[in-house]
Amino acid sequence: MSSTELRHTALDAVHRSLGATMTDFAGWDMPLRYGSERDEHLAVRTRAGLFDLSHMGEITVTGPEAAEFLNMALVGNIASVGVGRARYTMIVRADGGILDDLIVYRLAETEYMVVANASNAQVVLDALDERSGGLDVEVRDDRDAYALLAVQGPASPGILKSLTDADLDGLKYYAGLPGTVAGVPALIARTGYTGEDGFELFVKPEHAVELWQALTEAGEGAGLVPCGLSCRDTLRLEAGMPLYGHELNTSLTPFDAGLGRVVKFEKEGDFVGRAALVEAAARAEQNPPRVLVGLIAEGRRVPRAGYPVVADGTVIGEVTSGAPSPTLGKPIAMAYVDAAHAAPGTEGVGVDIRGTHEPYEVVALPFYKRQK
Amino acid sequence: MSNPQQLRYSKEHEWLSGADEGVSTVGITEFAANALGDVVYAQLPEVGSTVEAGETCGELESTKSVSDLYSPVTGEVTAINENVVDDPSLVNSEPFEGGWLFKVRLAGEPADLLSAAEYDAHIAG
């Protein structure tokens with residue numbers, strides 16, 4: 001895709017004035033980093049970071065049968081999500097293959113917002129459209145209706161509190177409420193993809209710059225810095241969170257990805273993928289093909305997606321994501337490996353880094369968990 | 001960003017110092033360091049080995065990628081910067097000074113290198 005076809009967020013001029021290094025991410029021209037990605041990562045772990053996530057794909061689902069519809073179209077029990085709460089879930093094909101992982105916010109009794117990955121938003125939109133036939137619901141493409149800013153890190157509640165009267169203390173993790181931030185109407189959600197406490201603010205694109213500036217000023221004393229997608233990736237990797245196209249794809253079911261807990265067989269009614277997922281659940285229980293594990297390097301060379309995982313000179317798996325971990329000070333990776341080598345502490349596991357077998361320790365995920 | 005006048009440059013973004021008793025210092029430019037992002041691992045050529053102009057002689061890993069290190073000249077490696085091996089972030093913070101990579105005894109007069117002005121034009125293009 002040439003740069004002329006890239007989509008730009010409402011904050012594009014702000015990123016350029018901050019000297020951001022930009023990158024093509026799923027057809028969007030997004031900030032990769034503003035300065036050192038390691039410094040940005042550590043700011044989120046210890047203070048706060050400000051992200052532009054306007055590439056995420058918002059889809060609004062409304063109508064009297066919205067709850068029943070999403071229960072049928074997605075693997076989770078969406079009808080049981082209370083108004084003002086959110087749920088991490090997935091949409092799969094009839095064969096159980098993952099089309100995307102999603103966050104679904106229930107905004108009102110008959111109104112939901114589904115947030116898809118930028119790379120999959122059209123696929124999700126098409127699937128929801130197709131599955132909505134015959135039901136009293138409207139599926140609306142709201143990708144251009146929102147800009148999305150995230151404030152993440154331990155200092156984020158204090159920063160946001162200085163700009164809003166909303167009851168942030170009453171706002172639990174995976175909840176969202178409408179409010180006003182710095183005079184701007186926003187859906188304030190306590191969600192994120194960093195492993196830290198934090199907020200995601202859905203606002204109209206025309207308010208994005210104003211809100212960004214207000215957050216920047218409010219966060220100045222607390223050490224808030226603008227953060228790009230590069231540190232977002234290392235933050236989520238340390239937190240053991242999957243990324244579509246890496247840990248998740250259409251050839252894997254949620255059970256293969258170790259995320260079978262998002263599939264709610266007990267919910268009312270049939271849902272797309274149910275029969276295939278019943279089989280996948282049994283297979284994962286009795287005879288798992290490969291298991292998603294964490295790997296920590298003993299040396300300093302960095303594993304990358306696609307590198308083979310080896311034991312005794314044999315390929316036993318593949319790296320799905322890898323990076324130097326700023327928190328651990330060592331390279332880390334997520335990888336699918338044969339079940340026989342998946343137990344934490346398994347000896348003799350390595351990663352083939354461009355022809356050299358570097359030793360790695362098998363660990364349980366996540367690599368990092370914040371102290372609450 | 002300013003590229004020091006006294007250095008010469010390769011199109012692969014290495015710099016070469018003037019020779020001191022036949023030995024020159026090699027590093028990567030600030031432009032290259034910025035493009036890589038935080039360097040986390042430097043694999044440098046071995047002392048005593050011969051590097052060839054335009055050939056790979058090591059690699060630099062950053063958060064997002066791994067990049068080959070090209071030698072701008074042919075010669076024998078006389079020293080490597082152990083400080084960079086211990087703390088690769090020096091490549092980002094002091095690309096033209098403390099972040100130098102290796103020293104090489106020139107086997108001949110370097111060819112096809114750019115002046116600072118020519119390199120400025122190269123990266124602007």
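**Note on helix α7(A) and its surroundings**

1. The buried residues of α7(A) pack against β2 (21-25), β3 (28-33), α2, β4 (48-52), β17 and β18 (330-338) of chain A. Contact here means C-beta atoms, placed from the backbone, within 7 Å. Helices (H or I, at least four residues) and strands (E, at least two) are DSSP runs, numbered from the N terminus.

2. This is a predicted model: local features need pLDDT of at least 70, side-chain atom pairs count only at pLDDT 80 or more, and totals for chains, interfaces and linings use all residues. Residues are numbered from 1 along each chain as its sequence is written, and chains are lettered from A and ligands numbered from 1 in the order in which they are written. Chain B averages a pLDDT (the predictor's confidence in each residue, from 0 to 100) of 94.

3. In α7(A), 9 of the 10 residues are buried. A residue is buried if 20 or more other C-beta atoms, placed from the backbone, lie within 10 Å of its own; 12 or fewer make it exposed, and in between it is partly exposed. Among the buried ones are L229(A), R232(A) and E238(A). G240(A) follows the helix, with a positive phi near 70°.

4. β3(A) has 5 of its 6 residues buried. Strands pair if DSSP finds at least two bridges between them. β2(A) and β3(A) run antiparallel, joined by 5 bridges. T23(A) stands opposite M30(A).

5. The contact between chains takes 11 residues from chain A and 9 residues from chain B. On the chain A side, α2 (37-46), α7 (229-238) and β17 (314-325) each supply at least two residues.

Methods
Contact = placed C-beta atoms within 7 Å.
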